[in-house]
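Hello,

Here is the structure I promised to pass on to you. Please have a look at it first, and then read my notes below.

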Amino acid sequence: MEFTTGAIPARDLVGFMKKVYENQGPKFVFDRLKEMFGVEEKYKENLLRLHVNAQLPLKLILFKEVEELIVRLFTQNKQVAILTKGNPVEQLNKMKHIDWGEANQFKNLLKVYFVDELKFRNFEPIDYLAEDYGVKPQDLYWIQAD
């Protein structure tokens, strides 16, 4: 916006957006921008697109235990999947920025499923995964992270 309208310095916008994000959450960022700086509604789509496709400043690091678990499971010929909530584009973007460490050799073997997409298609995610892998739902082992 600083380059197209010349009205609001980027530093001021980013600082304000960061404070709103940290104190109120991502849902309120654009509305507060509109209130504080008079940002037009036409910029909302661009902000959302930037949020989803953001280039992260640092790699996301797996916990060492998770990295070791992935390696151990694949070396034992187990199948591993990621079941994630949220916008699929945003989730894939996050995965792109993960430093997989020793698990890097297996990252292309991971299957990724999206909860919201499966539910939209009227599938129960765990049942769908079990069917896809040819096992019973009770035979799946999962780790849930919130």
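**What I found**

The chain holds 7 helices and 4 strands; helices (H or I, at least four residues) and strands (E, at least two) are DSSP runs, numbered from the N terminus. Starting at the N terminus, the order of elements is α-α-α-β-α-β-α-β-β-α-α. The radius of gyration is 20 Å, well over the 15 Å that the globule rule gives for 146 residues, so the chain is more spread out than a compact globule. (That radius is taken over C-alpha atoms, and the globule rule is 2.2 Å times the number of residues to the power 0.38.)

Please keep in mind that this is a predicted model, in which local features need pLDDT of at least 70, side-chain atom pairs count only at pLDDT 80 or more, and totals for chains, interfaces and linings use all residues. Residues are numbered from 1 along each chain as its sequence is written, and side-chain values use heavy atoms, with hydrogens and water left out.

**The chain as a whole**

Along its principal axes, the C-alpha trace spans about 60 × 35 × 25 Å. Of the 146 residues, 25% count as buried (under 20% relative accessible area; exposed means over 50%, and partly exposed lies in between, with a 1.4 Å probe and protein chains only). Among contacts (heavy atoms within 4.5 Å) with a separation of 6 or more, 56% join residues 24 or more positions apart.

The chain has 21 positive and 22 negative charges, and their mean positions are 2 Å apart. Here Lys and Arg count as positive and Asp and Glu as negative, while His and the chain ends are not counted; each charge is placed at NZ of Lys, CZ of Arg, CG of Asp or CD of Glu.

Where is Glu90? Glu90 sits in helix H5 (residues 88-96). Glu90 is buried yet has no salt bridge (a side-chain nitrogen of Lys or Arg within 4 Å of a carboxyl oxygen of Asp or Glu). Its nearest side chain of opposite charge is Lys94, 4.0 Å away. Leaving out residues up to four places away in sequence, Glu90 touches His51 and Val52.

Asn77 lies in the loop between helix H4 (64-75) and strand S2 (81-84). Its phi is near 60°, a positive value in a residue other than glycine, and Asn77 is exposed, with a relative accessible area of 70%.

Asn122 is in the loop between helix H6 (115-120) and helix H7 (125-133). Phi of Asn122 is positive too, near 65°, and Asn122 is exposed at 71% relative accessible area.

Best wishes
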